[in-house]
Structure formats: structure tokens, C-alpha cells
Amino acid sequence: MRRVLLFILPILIIVSVAFTLFGFFQARLEEEKLTDDLKRKARTVAESMELSVKHVLLTNDLKNANYLAEKFETRERLQGCAIYDKDGNIIALTKRFADWKEKDRPYIKDIIANKIPRGELEKFKDYQVYSYILPVVDDEGQLLGMVEVIHDTSYVFARLTELWRRISSTLIILVIVIFVLSILLHRQIFALPIQRLTDWFKFFQRGETDEAHPIREKGDLGKLASEVEQAALSLRVARRTISDEASARLEKEEIWTESKLKDLIRAKLGEKALIVVSNREPYMHVVDEATGLEKCIRPASGVVTAIHPVLCACGGTWIAHGAGNADKKFVNSKDKLGVPPKDIRYILKRVWLNKEEEDGYYYGFSNEGLWPLCHNTHTRPIFRELDWQAYKKVNQKFADSVLEELPAKHPFVFIQDYHFTLLGKMIKEKRPDAIIALFWHIPWPTPEAFSICPYRKEILEGILGCDLIGFHVQNHCNNFLDTVNRLLESRVDIEKFSIVRSEKETFVRAFPISVNGHLSKDVKESSVKQEIDKIKKEFDLEGKTIGLGVDRIDYTKGIVERVLAIDRFLEKYPQYKKKFVFLQLAAPSRVHIKRYHDLMAEIDELIEKTNWKHSDSSWKPIIYLKRHFSLDEIEPFYKMADLCIVSSLHDGMNLVAKEYVATKSDSSGVLILSQFTGAARELTEAIQVNPYSIEEFADSIKLALQMPPDEKTRRMEKMRKVISENNVYRWAGNIITELTALRKV
Ligand code: F6P
């Protein structure tokens, strides 16, 4: 529409200006004509009275003079008449012009002197009249007096007003006709064919085979349509070939790699693109507070770490909340952009939330309600009705956004996490043919713990809208099945590990999430080495044993317990003072929630206290780096760390543990891992600790530092094998295999 307006507007302006000018000249002509007419009439009337007035003046017959003056009152458009003596005094005057006498009109003297008639426009009371004065002379040419005819001029104005009214209404009709005609022509010539082409292409994008041709007509648009049709055809053929080749390769390869996952997806999904939904986006555009410049960051998030390599491998669309304060600047008209920015592999579609929605859905219900509900860390969940309403509204918003992207038949949707418990059901209501999986990245609590949630029924019903639900570990699957069994009317099938409710079956499976297993690439070694030297120099780490913690600042991560354990370790084993430094990288998270805000202050204070207690002028035990770090920035820290501590009080999986192991290409280093993480089930060669037991924790640090190098290598190699075999490609491959097995046709 904007474009049409841009096109029509200049035409309308030109037409309006031309028409107004034309009207202006026409009005001027009309005005001149009417005024001439008026003058002519006034002169005729005055001349017709000349004889009678002459007689009145010669006989000095005042009675007749008054009769003559009054007689004019009844004439059309004639307002009045005055008879003057030779000295310019009024001797008779139409009654209603009684005030006329008072008018000062110096030109009367000229008429007396020159005996030449004269017409003038005069103001009388608050209207305009035309006065015509005719000198009356005797046979010798001597002035006897004058006769004045006063005419109404308002009809000239009325005529001109009427003319302007007609000109303007013609102009308005003309503008409307031009406008409507242009819109119709634009629609017929451009909009409809382009709409047809767009619809056809949309069908094609969704994998629908449309028999019809996009546009039939010839000309430029027809040529464009034919080019698009050819490109679409080649793309379809190419996709088909790729899919066949992929199936063949898949049967040969054994280890899960990016290309094996690609092959699996091409073979299983064919032309259908995968749609992933999560709250956290993989790329966030933010304004750097220090420089004021916009930058693109990778948020600290387990979801991002796991899903990004999968989408890089298989393409598709990732729908997420556009939470960066500069995000809107980097999307196209459909709120989409290609990522990674320098090597585009998939589409990121951003969904916008206002502050109220973000507060209720993200900070409130998701992170003050569900997060503590699912983590066994003794933080009380808070459920507010307003947060729940916002949560439902945002789930619907995401559902609508997903529905816009779905291909025509049997689409695959992969939902992430506790932010979207209602999404599966909402999508299924509109698209029952969609095949939907939900992966729950955090623990699932026991039925007793879950049942305190006031919205437990709606949440379970929402989740059961999905066809497949994945958890990190079997224990969470068992808890989920128990919860549904106790709280919802349904049939739980322990053999198939599925739940049947209202004739709909949902499968529950454990898929331990992982990292890509090849985080450390040889080509980067020299640059990483330089980075390590830089860090060591900056923090004076040369010759010291380095411990590392990498976390979002969250009460579930056991950061406080970790600092207490380091404190206890140095108390118990003071010989490690000055020889051991612990680097804590910590990304601030969910800072608008009081619990997180308080936690940040608590950690700051505790680290300060611990450092004060143990430090001397040249050394302090804990270096606390509180900011966001990208994976590239973290890599040198992982590489140089002799020890990595993951001390979560409760964690679905914890990918930091796996990232540390995956990065240790020289098989050095020791991992201290909380027994309450999902990762502890796979990484059995880590030193496992109960982070609540500070004594045990402190001793495990000592154990790690004292461990013989051979033992360290043996353990690390075993853990690296586990991760390279069970990498994120296998995780995604298993989910997609399960998901596609559910395809109904
Ligand atoms: O891994 C669990 C999780 O909640 C993810 O869903 C999320 O991306 C991550 O932790 C980080 O949390 P947030 O996105 O709230 O910063």
C-alpha cells in the first residue's frame, strides 16, 4: 500500500494543483463578468432615472423626489437611491439608507466639478454595495444635481462561492476516481500476479507440490515467474538427490559426526526443515555498555550449546525470544536473520515480548515458579496468577509464530524446555498432523514435589500435547511418568514407556544431551596457546596449579558451596597457599529476580572474605571474573585448567563438565563433578562429590591436585571417549530417529 501511495501521491498533487489554478482563473473571470454586469445595470438604471430627476430638480419638487427614491426599494438587487442638489446635498434618499448621509465621500466634489459619472464599491454597515452617481445637467450644461443608484453586491460573492464549491467537489471526485483506479490497476497489474507468485513459492517452501504454474502471462513478470519456477524445480531435484545419497551414506558411517547427522536429517526429514523453539536465542545483538557499539554475543546457555551445532548441521529455523536490546535492528521484515552471521547455516526467527510479558512469563512463572519447582535446592517456588496468565499468553504467541512457519504436511517441531509446557498442545490444536518433541533440559521432580504447583494439571496436559518427551536421565523419565500417573487421568504404559490420554499417545525417553565432542580444533591450537600465555601473564598464574569454575550465576550451580570448599581446603591444607589459584568465570543471569540478585551479593561477599582470609600481598586464592564469556573466550581457560569444578546442587545435565572434557585434547586435567548432575551418570571417571558436604568437597580438591599424572590421563581419556561417542550429534540423531518413527504417513 505504501508503494501504491508513493506512486499515486505525486499524480494527485499535480492534478490538484492544476485543477486549483484552473479554478482560480475561472473564478477571476466570473468575478470580472459579474462586476461589469453590475456596473452596467447601475448605469442603465441611473440613466433611466435622469429625466425624472431633472424634472424634480428643475421644479424643486421634493415630494416627487422622495417618491422616486422610495420606489427603488422594491427592485431586484437594488438597495436604494439618493437624489442630490447641485451642491452635493442629499435631498431625497431611500429610507433604509438613512445613514448613507453620514458617509464621507470626497470624490463627490470631483463629480460636481467635472460633471463626470462615477461608480465605486462602498461599505455600508457590514456589507458591500456598488454606488453609481450620475450628474444631472440642464440644457445649457449647468449642473442641476445628481442621482445615485446603490446596488447590492452580495450576489457576486454568492455566485463565486457556489463556483468554488463546484470546483472543489469536482476535484474531490476526481481525486477519488484517480485513487480507486490506480489501486485497481496496481492490484490487477502488479499485486495479484506477485501475490500468486508468492503463494506458489510459499507452497513450494513448505514442501507442497503445486500443480499450477505461478503466473501464466508473458512480459517481465512472466519471465520472473518462469525463472523462479526453474530455480524451485532444480532445488527440488537437488534435495531429492541429496536425500537419497544421505540414506546410502548413513548406513556406512558408525561414529556420530556433523555430517552423519546431516545425512540422517536429509534421509529422515527429506525436504522438511526442522523447526526448533526455545526461549533463549543462539545469537543476541546487544549494545556494548562500554563502547556504545552494537555487538553479537552467544548467550551462556546449555540449550544454545547443544542445539546450535545441530541446527548448523541440518539447517532449519530456530524460533526464540529476541531478548537483545539491539535485536530488532538485525532482522528482516519477517523478524528473521541468517546465523551464524559470518557463515549462515540456519534461520533465527525472533519473537518479541513486551516488558510485562517478559516479567510474567520469563522472570515470574518460568524462573521463580517452575525452575525452583524442578530443582531440589530448597528455594521456594513462587506462583502468581498474573505470571501464569502471562506465561499462557506468551506460549500462545510462540505457538502462532511456529504455526506460521510450518510446512503443509507433517511438520516436525522440536520444543526446548520448561518455558513452553503449553506449546505442544497449542500447536496440535491447529495442526494435529505436526509431530512434536519436547526436550526438558532441567530435572523433573518427584510427584510430591510437582504437585504443589497450582497449575499442575494444565501443565501436564500441555506437555502431553507432544508426541515425544525427552529427559536427560532415566530417573527424570520415571518421575514424569509417576507424576502423570498420580495427577492426571491417563494410562501409563510401562512396557512402551508411553502415556495414553484421550486416545493420544506420548512417548517418554531419556536422551543424555552432550557437546559436539570436538570443541578443540588443531588449527586453533597456536592462537589458543597465545591466549593462555596472555591470561597467565595477566593473572600471574605462571607455575601455579589452576582450578576453574564456569557458570551462570544461579543458586543451583553450588557456587557458594564451591567457595566454602576452597576456603576449607586452604584451611586444612595450607601448603597449597600461593601454589593454587581458582578462576571463577561467572555470567550474570536473571538479575531482575531478587533471589539471583541476593545470590550475586552473597558470592561477592564470600569471595572477598575468603580472599582476605588467605591472601598475602602477592597472591589471592580466587580470581572472580564476573561477566559474559563466549565459548571461544572460555576455551583457553578450559585448556590451561588443571582442575575444573562443577558443583551443582541439582542439574539436569551440566554441559560445562562435558565441555571441559571435550576441550582437553591432551587428556590432562581433573574434573570434580557434583553427584547431583545428570553428567555424573556418564562421567563416572570424574571425582564425584556431594557439594553440600564441605569437608568431603575440600578433600576432593586435595585428591584432584595430588592425583598421579597417569591416573589423570587414564580418567580423562575414558571420559573423552564417552563424550566423543555420545556427542550432541548422537543426541539429536536419536531424537530425530524416534520422532520420525512416529510419522503417521
Ligand atoms: O539449561 C537450562 C536453562 O534453563 C536453559 O533453558 C537456558 O537456556 C539456560 O538454562 C540459561 O538460562 P537463561 O536462558 O534463563 O539465561
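Asp 567 and Lys 613 form a side-chain salt bridge with an N to O distance of 2.9 Å; a salt bridge is a side-chain nitrogen of Lys or Arg within 4 Å of a carboxyl oxygen of Asp or Glu. This pair links distant parts of the chain, 46 residues apart: Asp 567 belongs to helix H15 (residues 559–572) and Lys 613 to helix H16 (residues 594–614). Helices (H or I, at least four residues) are DSSP runs numbered from the N terminus. Asp 567 is buried at 14% relative accessible area, while Lys 613, at 43%, is partly exposed. Buried means under 20% relative accessible area, exposed over 50%, and partly exposed in between (1.4 Å probe, protein chains only).

A salt bridge also joins the side chains of Arg 568 and Glu 695, at 2.4 Å from N to O. Arg 568 is in helix H15 and Glu 695 in helix H20 (residues 694–706), so this pair ties together parts 127 residues apart in sequence. Through shared partners, salt bridges connect Asp 567, Arg 568, Glu 571, Lys 572, Lys 613, Glu 695 and Asp 699 into one network.

## Basis of the values

The model is predicted: local features need pLDDT of at least 70 and side-chain atom pairs count only at pLDDT 80 or more, whereas totals for chains, interfaces and linings use all residues. Residues are numbered from 1 along each chain as its sequence is written, and side-chain values use heavy atoms, with hydrogens and water left out.

## A salt bridge within helix H6

The salt-bridge count comes to 54. One of them pairs Glu 258 with Lys 262, whose closest N and O atoms are 3.8 Å apart. These residues are four apart in helix H6 (residues 258–269), which means about one helical turn separates them. Glu 258 is partly exposed at 25% relative accessibility, and Lys 262 is partly exposed at 23%.

Notes. Helix = DSSP H or I, 4+ residues; strand = E, 2+ residues; numbered from the N terminus.
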